[in-house]
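Hi,

Here is the structure I promised to pass on.

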Amino acid sequence: MTHELLFLNNKDMEKLGVNDMKATIHDVKRAYILTEQGDVLVPGKCVMRWGTTPEDENVYGRINAMPGMIGGEYNMAGIKWIGSGPMNYKKGLPRASVTVILNDCDTKLPVCIADGTAVSAKRTGASGGVAMELLSRKDASVMTICGAGAQGRTQLEAALIVRPTIKTVYVYDIRPESSEKFAEESRAKYPDVKFVPVADPEQAVRESDITVCVTLANEPIVHSEWLKKGCLLMNMADYEVSKNCVRKASKIVVDNWETIKHRLVSTVAIMAHEGEIKDEDIHAQLGEILCGKKCGRENDEEIIYFNAVGTGILDLAVTTRCYKKALEEGIGTKLKYWE
Ligand SMILES: NC(=O)c1ccc[n+]([C@@H]2O[C@H](COP(=O)([O-])OP(=O)(O)OC[C@H]3O[C@@H](n4cnc5c(N)ncnc54)[C@H](O)[C@@H]3O)[C@@H](O)[C@H]2O)c1
């Protein structure tokens with residue numbers, strides 16, 4: 001009895017197209033659609049947290065286990081195992097480090113271990129991109145990104161694919177040097193777009209058609225009075241936007257409501273826990289809109305609040321695409337699992 005599995009490191013994943021945002025947007029849409037069709041297994045996230053409170057996670061860190069199974073053309077099970085070291089930047093290391101294990105759906109044996117760090121950043125950007133495509137104004141031209149980190153960069157990349165109408169991007173970060181660096185890098189990459197680092201997000205959000213929050217904030221940094229008519233407010237991490245932002249929204253849209261409630265860190269999840277938000281207050285999951293069961297944006301006036309928690313099946317979809325290509329092209333290192 002022998003069994004081999006494939007190890008894919010970051011360089012292998014690059015060769016296999018992990019940075020292809022359009023392909024990732026496709027994978028993410030498929031994952032959301034398969035979710036609505038009941039062709040996935042999404043057990044809750046298991047959070048191993050240092051410290052004692054949810055707020056401690058953004059100081060002392062965590063490692064999350066996110067198992068899943070995605071059917072359809074992917075037909076793969078597995079797990080995303082993601083470490084988050086909020087203080088890693090002091091050591092010049094990325095906050096997130098991700099390992100993805102793919103398991104065959106029939107035998108359940110592991111077939112691949114991959115570096116999923118880029119997968120995770122790209123799929124989160126793609127998830128935001130799908131939300132922007134369905135929920136922002138078609139003529140959106142001004143955007144604010146709060147959180148000039150790894151996810152902020154992929155949110156921008158996806159935004160400029162789905163809304164090429166964006167011409168001005170404000171960047172806010174608690175560390176001004178990070179906003180400056182983000183703006184400088186982005187100007188070189190997207191010369192047709194104006195990038196403006198800001199020391200305070202208020203005026204930027206007031207002007208924005210799309211505001212994306214991807215920070216480690218534990219207290220709201222965006223407030224309801226700032227929200228422009230017709231804007232999309234994206235709460236991609238924890239308690240980053242005030243409860244009044246959710247109260248002010250015409251629609252609340254999410255990626256996966258059960259997982260959001262279980263994770264209990266975002267603004268809308270806290271409000272659900274406190275009893276203010278009920279299941280029926282959630283207008284839709286993205287997959288329901290993609291399947292045509294629910295509508296997305298209906299006019300240029302409504303304010304829409306979006307919250308994404310992220311599920312492991314998104315990472316499994318992207319990693320499976322790369323793994324299949326690796327088998328075709330003979331990329332990666334074969335490991336003898338059983339000799
Ligand atoms: N929804 C999802 O699917 C999903 C997926 C991945 C990451 N995330 C979340 O996105 C967030 C950002 O992740 P990342 O990988 O980009 O991390 P990162 O460390 O690379 O970037 C985070 C940035 O936020 C800034 N920041 C921290 N606190 C802030 C505050 N109070 N106000 C403004 N800026 C602040 C930091 O200075 C940093 O530049 C994390 O909270 C992470 O958990 C969500």
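A backbone N or O atom of Gln151 lies 2.8 Å from a ligand oxygen atom, and Arg123 places a polar side-chain atom 2.9 Å from an oxygen atom of the ligand. On its own the ligand exposes 860 Å², and the protein buries 88% of that (areas by the Shrake-Rupley method with a 1.4 Å probe).

Before going on, a word on the basis: this is a predicted model, where local features need pLDDT of at least 70 and side-chain atom pairs count only at pLDDT 80 or more, while totals for chains, interfaces and linings use all residues. Residues are numbered from 1 along each chain as its sequence is written, and side-chain values use heavy atoms, with hydrogens and water left out.

In total, 23 residues surround the ligand (a heavy atom within 4 Å of it). The closest are Arg95, Gln151, Asp173, Thr215 and Met236. By class, the shell has 12 nonpolar, 6 polar and 5 charged residues; Gly counts as polar, and Asp, Glu, Lys and Arg as charged, while Ala, Val, Leu, Ile, Met, Phe, Trp, Tyr, Cys and Pro count as nonpolar. Helices H4 (117-135) and H5 (150-162) each give two or more residues to this shell (helices are DSSP runs of H or I, at least four residues).

Cheers

Note on methods. A polar contact is a pair of N or O atoms within 3.5 Å; within protein, one must be able to donate a hydrogen and the other to accept it, and residues adjacent in sequence count only if both atoms are side-chain atoms.
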